[in-house]
Amino acid sequence: MGSDVFEITVNVIKMLIIFLLMVQLVPILVWVERRGSAFIQNRFGPNRVGPLGLTQLLADAVKFLFKEEFVPPKSHALLYYAAPVLALIPGAIAFGGIPLSMPIDIQPFQMFGSEWGPYTFKFQSYDLDIGILFILAISSLGAYALLLAGWGSNNKYSLFGALRASAQMISYELAMGLSLVGMLMLYQTLNFSNMVELQKGPLHFMFFGKEILIPFLPNWGIFYQPLGFILFATAAFAETNRLPFDLPEAEGELVAGYHTEYGGLKMLLFYIGEYGHMMVASAVMVTFYFGGYELPFSLSDSLTGAVRGAFSSVNLGNVMAALVIHVVMLLKILFFLWVFIWVRWTLPRFRYDQLMDLGWKTMLPWSLANVLATAYLILMAGSAV
Amino acid sequence: MILPILVLALMVGTFGTLLVYVASLLGPKKKKTVAKYMPYECGLPGQETKKTNVSIRFYLTAILFIMFDIEILFLYPWAVAYRDFVDAGQGAFMFWELFVFIGLFVFGLLWEIKAKALDWE
């Protein structure tokens with residue numbers, strides 16, 4: 001974590017800020033979801049509280065906090081209380097492992113009468129070498145929270161919702177894990193920061209010993225593995241229980257699924273967990289297939305150069321440049337979150353057997369074929385990122 | 001490397017627990033009525049029993065998942081190391097190794113489909 005007091009303090013604060021960033025995005029996403037669905041369905045949506053209904057979020061938060069405490073008497077109280085808290089943890093931990101901007105270099109400086117530095121702070125809670133493996137492992141722990149909620153509530157709708165959720169999550173995890181293997185063959189690394197480095201510049205690769213350069217396209221993963229991206233995105237929808245795969249909470253059959261018996265703030269924690277998983281999925285998609293926090297070509301370098309030039313202090317310039325690049329990453333993530341919301345109001349829900357068939361009999365063979373085809377192409381043509 | 005993760009987990013857990021606790025203090029205290037505290041069912045008086053029968057398919061899916069997931073896990077180190085072997089001229093051996101591995105995988109999948117282990121109703 002660090003070697004001296006300053007570094008440890010900054011790292012802990014950074015961790016807290018990244019977590020709060022995730023939590024703070026949730027009300028905004030709820031607003032986007034409600035206004036967006038209203039826009040798609042030709043309605044108004046919440047527009048009374050504040051400009052464009054934006055302070056509706058605050059009103060909702062206060063209302064959640066002042067709801068009556070309710071525990072179903074026949075539930076397992078410990079599991080019932082533990083589930084919402086546990087729903088929060090996997091999303092938050094996984095989100096901490098994704099680089100949200102470039103590392104910040106800090107030159108030595110004077111503070112409290114002593115010399116500090118130099119430091120390099122990474123714009124993520126922790127940089128793991130096994131990056132993607134860690135994210136996949138942790139985010140699949142989210143199934144436990146849903147299962148505990150369903151089991152603890154002692155309600156048949158909750159239990160059915162929880163069972164559906166866990167069966168669906170484990171089924172799509174296979175396709176999700178396999179769809180990334182093709183990309184990993186090309187990157188040769190599991191670490192996110194290295195992947196972002198590899199996606200810099202225009203599209204260029206070796207093909208049968210010839211170097212091919214396509215100057216008008218960025219060197220993003222999506223151009224190497226389009227099928228892998230489609231499979232991963234579909235599996236991400238199923239993993240986060242979003243429409244068209246939201247059978248765990250299909251309101252027509254199961255009332256509200258695993259959170260039937262929850263209300264008020266405990267319900268909100270489930271929402272934060274679900275949106276947290278969506279953010280993790282979007283961030284992984286951005287980092288794997290859309291160049292991470294970098295702008296295409298060398299726009300990043302000129303942008304950060306301009307920002308650094310505007311500040312007299314080198315350290316302040318570096319921090320500001322990282323923050324500007326962070327906005328780029330946030331915009332990319334928000335685009336994919338909008339796609340999640342867009343799809344929700346566009347596609348109808350699957351039937352449960354169709355869902356399982358799609359996962360096991362369609363997506364699993366296609367992702368296997370993708371792995372084989374990629375391996376064969378690399379062997380034959382020696383294509384490289 | 002595991003310490004920051006544990007610290008973050010602790011932070012998030014504390015945050016969640018605190019929120020749930022504060023909300024339980026702030027909410028109004030109202031009388032408990034029998035109807036309000038019954039498990040939710042569609043308007044009828046509840047018929048809840050302690051035992052709920054769960055379809056065997058869920059267990060089966062979970063067991064099949066574990067086997068396939070472990071197989072996929074083996075592909076990750078293979079995938080990361082593959083291009084080094086291709087560059088060193090060992091690519092064909094690695095590829096045929098993958099081919100056999102995925103062949104076994106597909107054989108298992110086909111057998112499951114034939115045994116109707118993946119059919120829902």
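Select helix α11 (residues 264–289) of chain A together with helix α1 (residues 2–26) of chain B; helices here are DSSP runs of H or I with at least four residues, and strands are E runs of at least two, numbered from the N terminus. In this predicted model, the two helices pack at an angle of about 155 degrees, with axes 8 Å apart. Axes are lines fitted to C-alpha atoms, for helices over the stretch in contact, and angles run from 0 to 180 degrees between N-to-C directions. The angle therefore makes α11(A) roughly antiparallel to α1(B), a term for angles over 145 degrees.

Next, display A:G264, A:L265, A:K266 and A:L269 of α11(A) with B:G16, B:L19, B:V20 and B:A23 of α1(B), which make the contact. Residues are in contact if their C-beta atoms, placed from the backbone, lie within 7 Å.

Widen the view to both chains: 52 residues of chain B are in contact with 64 residues of chain A. On the side of chain B that touches chain A, α1(B) gives the most, with 16 residues.

Now move to strands β5 (residues 202–207) and β6 of chain A, which pair in the antiparallel sense over 6 bridges; pairing requires at least two DSSP bridges. A:M206 has A:E211 in β6(A) as its bridge partner. In the hairpin turn, select A:F208, which has a positive phi of about 50 degrees.

Residues are numbered from 1 along each chain as its sequence is written, and chains are lettered from A and ligands numbered from 1 in the order in which they are written. Local features need pLDDT of at least 70, side-chain atom pairs count only at pLDDT 80 or more, and totals for chains, interfaces and linings use all residues.

Terms used: Angles under 35 degrees count as roughly parallel, over 145 as roughly antiparallel, 65 to 115 as roughly perpendicular and the rest as oblique. Two residues are in contact if their C-beta atoms, placed from the backbone, lie within 7 Å.
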